[in-house]
Amino acid sequence: MTKQELEMCIDKYGRDIYSFCRHLAGSPLEADDLYQDTFLMAVSLQEKIVYENNPKSYLLSAALRIWKNKKRKTAWRKRIADVQPAADIQEAGMECTEFSPEERIVGRENAEAVRMAVNRLPDKLKIVVLLFYMEDLPAAQIAKAVRIPAGTVLSRLHRARKILKKELEDVLNG
């Protein structure tokens with residue numbers, strides 16, 4: 001991959017990659033680090049990346065591997081010396097002028113309930129759900145990115161949907 005192709009990837013897929021990093025990391029600060037590390041890895045490995053072979057999937061896969069490694073390191077360090085994580089910074093919500101204030105509040109509460117339910121999923125399920133619904137990747141590409149069989153991706157999606165349906169039934173219908 002040339003520098004120009006890498007710049008095109010950043011322009012074309014940067015928002016999607018950042019959004020995925022944001023959902024994985026949970027906080028804006030950690031998401032910024034993960035996003036930056038992902039593209040630093042892409043720069044260091046740009047000779048090995050083939051632009052025609054779906055670079056978005058490669059970058060999502062790289063972000064996922066970096067996140068897993070950081071999580072593993074954090075867990076190891078926590079066992080040695082327990083460290084308190086930095087406080088999350090709340091994001092300001094996007095305002096929509098087409099809906100009444102009540103509808104916007106209910107919509108935000110529902111979105112937050114879904115977001116929290118997805119975050120409570122086990123990592124195996126959460127990663128597949130984020131890649132499928134947020135990044136609109138097909139099961140085959142998710143399987144390639146996560147390095148598991150496509151059937152496993154589909155079964156994890158099914159399990160995640162069942163868990164989310166059960167958890168969100170009262171919140172969204174009530």
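Mentor: One definition to begin with: rings of Phe, Tyr and Trp count as a pair if their centres lie within 6.5 Å. Keep in mind too that this is a predicted model.

Trainee: Okay. How many aromatic pairs does a search of the whole structure find?
Mentor: The search turns up 3 aromatic pairs.

Trainee: What about the rings of Tyr-18 and Tyr-35, how are they arranged?
Mentor: Their centres are 5.7 Å apart and their planes stand at 80°. Planes over 60 degrees apart count as edge-to-face, so the Tyr-18 and Tyr-35 pair is edge-to-face.

Trainee: Why do you give both a distance and an angle?
Mentor: Because a pair of aromatic rings is described by the distance of the centres and the angle of the planes.

Trainee: Where do Tyr-18 and Tyr-35 sit in the chain?
Mentor: Tyr-18 is in helix H1, residues 3-25, and Tyr-35 is in helix H2, residues 28-44. They are 17 residues apart, and the pair links distant parts of the chain.

Trainee: Which other residue forms an aromatic pair with Tyr-35?
Mentor: Phe-39 does, and that pair is edge-to-face as well, with 5.0 Å from centre to centre and 65° between the planes. Tyr-35 and Phe-39 are 4 residues apart in helix H2, so about one helical turn separates them. Tyr-18, Tyr-35 and Phe-39 form one aromatic cluster.

Trainee: Is Phe-39 buried or exposed?
Mentor: Buried, because its relative accessibility is 8% and the cut-off for buried is under 20%. Tyr-18, at 27%, counts as partly exposed. Tyr-35 counts as partly exposed too, at 22%.

Trainee: What does Tyr-35 touch, leaving out residues up to four places away in sequence?
Mentor: Tyr-35 touches Ile-10, Gly-14, Ile-17, Tyr-18 and Cys-21. As for Ser-19, which is 16 residues from Tyr-35 along the chain, the C-alpha atoms of the two are separated by 9.1 Å.

Trainee: Let's zoom out. How many helices and strands does the protein chain have?
Mentor: The chain has 7 helices and 0 strands. Along the sequence, the pattern reads α-α-α-α-α-α-α.

Trainee: And how much of the chain counts as buried?
Mentor: Of the 174 residues, 33% count as buried. On contacts, take those between residues at least 6 apart in sequence: 70% of them join residues at least 24 apart.

Trainee: Now helix packing. At what angle do H4 and H7 pack?
Mentor: Helix H4, residues 101-120, and helix H7, residues 150-173, pack at about 155°, and their axes are 10 Å apart. Angles over 145 degrees count as roughly antiparallel, so H4 is roughly antiparallel to H7. The crossing of H4 past H7 is right-handed.

Trainee: Which residues make that contact?
Mentor: On H4 they are Asn-110, Ala-113, Val-114, Ala-117, Val-118 and Arg-120. H7 brings Leu-164, Glu-167, Leu-168, Val-171 and Leu-172. By type, the residues of the H4 and H7 contact are 8 nonpolar, 1 polar and 2 charged.

Trainee: What about H6 and H7, how do their axes cross?
Mentor: Helix H6 spans residues 139-146, and its axis comes within 8 Å of the H7 axis at a crossing of roughly 105°. The range 65 to 115 degrees counts as roughly perpendicular, so H6 is roughly perpendicular to H7.

Trainee: And which residues are in contact there?
Mentor: Ala-139, Ile-142 and Ala-143 of H6 meet Ala-150, Val-153 and Leu-154 of H7. The H6 and H7 contact has 6 nonpolar residues, no polar and no charged.

Trainee: Last topic, backbone angles. What is phi of Asp-136?
Mentor: It is near 55°, a positive value in a residue other than glycine. Most residues other than glycine have a negative phi. Asp-136 is found in the loop between helix H5, residues 123-134, and H6.

Trainee: Is Asp-136 buried or exposed?
Mentor: Exposed, with a relative accessible area of 59%, and the cut-off for exposed is over 50%.

Trainee: Where is Arg-147?
Mentor: Arg-147 is in the loop between H6 and H7. Its phi is positive, about 65°, although Arg-147 is not a glycine. Arg-147 is exposed too, with a relative accessible area of 60%.

Methods
Residues are numbered from 1 along each chain as its sequence is written. This is a predicted model: local features need pLDDT of at least 70, side-chain atom pairs count only at pLDDT 80 or more; totals for chains, interfaces and linings use all residues. Side-chain values use heavy atoms; hydrogens and water are left out. Axes are lines fitted to C-alpha atoms, for helices over the stretch in contact, and angles run from 0 to 180 degrees between N-to-C directions. Helices (H or I, at least four residues) and strands (E, at least two) are DSSP runs, numbered from the N terminus. Angles under 35 degrees count as roughly parallel, over 145 as roughly antiparallel, 65 to 115 as roughly perpendicular and the rest as oblique. A crossing is left-handed if the near helix is turned anticlockwise from the far one by less than a right angle, and right-handed if clockwise. Contact means heavy atoms within 4.5 Å. Ala, Val, Leu, Ile, Met, Phe, Trp, Tyr, Cys and Pro count as nonpolar, Asp, Glu, Lys and Arg as charged, and the others, Gly among them, as polar. Rings of Phe, Tyr and Trp (its six-membered ring) pair if their centres lie within 6.5 Å; planes under 30 degrees apart count as stacked, over 60 as edge-to-face and the rest as tilted. Buried means under 20% relative accessible area, exposed over 50%, partly exposed in between (1.4 Å probe, protein chains only).
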